[in-house]
Amino acid sequence: MIIDSHNHIVGKNSPYYIPQEEYLKMMDDLGVEKTVILGKDYGKLGDRLQSNLPDEEVADFIRTHPDRFVGFTAAHPDRAEKETLERIERAVNDLGLKGIKINPHAGFYPNDTRLYPVYEKATELGIPVMFHTGIKAPVEGTRVKYCQPIYLDDVAVDFPDMIIIIAHAGYPWVEETILVGLYTGNVYADISTLTQIEGVMGFEVMMPTLRKLTSSWGAHRVLFGSDGIFNTEDTIKAVKSADFLSESDKGKILGENARKLLKI
Ligand SMILES: [Zn+2]
């Protein structure tokens, strides 16, 4: 079973809008059974850029094919605490969303204590929290200093029962990612967008990262994700062709680990 644990949609008015049929076609062609669609909250920056993705839009997208799509809500510390917590409860209990996405490059460190009530809520609801880390999104106003995985050490220590997913393996700070998760069982990493970063950088990114993560942590805490359907094929190919991984490890990375985490 292949599960894409990191993917996005944009609103219908965006020039980057891709209809759902294209996701499904790509998934069918590549044998991807389920895809996680992440919510997005860049706080006031996102309000200004009109780039935030509300829970309802995520829920609308997954509603027609609940067997193929899983949705995540999002949170930003600029928002009022009470409203955020109530919204997360609604997203999980009423809309069926199964995790929270946090985008620190939109102006905060992930160990910002204004987010601690969100982490308490995630622990209580038993849902994973995914953090954008590493290379920042090429979006006006985002800052890469907030994307260093080291700040997640506080979160992992203070919330030992919360599942943390370090998106993009924190690249290029992969060793920081590994250190944050080294002596804990609750820290995972996804390998999404690494093939794309490779294209930007012009040197090898995916294989060295995959090798470091699996040799230090083992394959059971590494998740396949694409970050966009244009990356899906290359990323699956990379995992399948990694000669340092056993077939069982490849199965865990491509889907089994995500299935367990998301309880699907
Ligand atoms: Zn992403």
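Which residues of helix α9 (residues 206–216) are buried? In this predicted model, local features need pLDDT of at least 70 and side-chain atom pairs count only at pLDDT 80 or more, while totals for chains, interfaces and linings use all residues. Residues are numbered from 1 along each chain as its sequence is written. Helices (H or I, at least four residues) and strands (E, at least two) are DSSP runs, numbered from the N terminus.

The buried residues of α9 are Met206, Thr209, Leu210, Leu213 and Thr214. Here a residue is buried if 20 or more other C-beta atoms lie within 10 Å of its own, exposed if 12 or fewer, and partly exposed in between, with C-beta atoms placed from the backbone. These five residues lie on the same side of α9 because they cover an arc of only 115° around the axis, the arc being that of the directions from the helix axis to the C-beta atoms. As a reminder, an α-helix has 3.6 residues a turn, so residues three or four places apart point the same way. The partners against which the buried residues of α9 pack are α7 (174–181), β8, α8 (194–201), β9, α10 (229–241) and α11 (247–262), where contact requires C-beta atoms, placed from the backbone, to lie within 7 Å. After α9 comes glycine 218, with a positive phi near 95°.

Two of these partners, β8 and β9, also belong to an open sheet of six strands, ordered β4-β5-β6-β7-β8-β9 with parallel pairing. Two strands pair if DSSP finds at least two bridges between them. At the edges are β4 (73–75) and β9 (222–223), each of which pairs on one side only. Strand β8 (residues 187–190) runs parallel to β9 and is joined to β9 by two bridges; in β9, leucine 223 is the bridge partner of aspartate 190.

The loops hold some backbone features worth a look. Most residues other than glycine have a negative phi, and most peptide bonds are trans. In the loop between β8 and α8, threonine 193 has a positive phi near 65°; this threonine 193 is buried, with 26 other C-beta atoms within 10 Å. Lysine 263, in the segment after α11, also has a positive phi, of about 55°, but counts as exposed because it has 9 C-beta neighbours inside 10 Å. A cis peptide bond, with omega about 10°, links tyrosine 171 to proline 172, and proline 172 sits in the loop between β7 (164–166) and α7.

How values were computed:
Contact = placed C-beta atoms within 7 Å.
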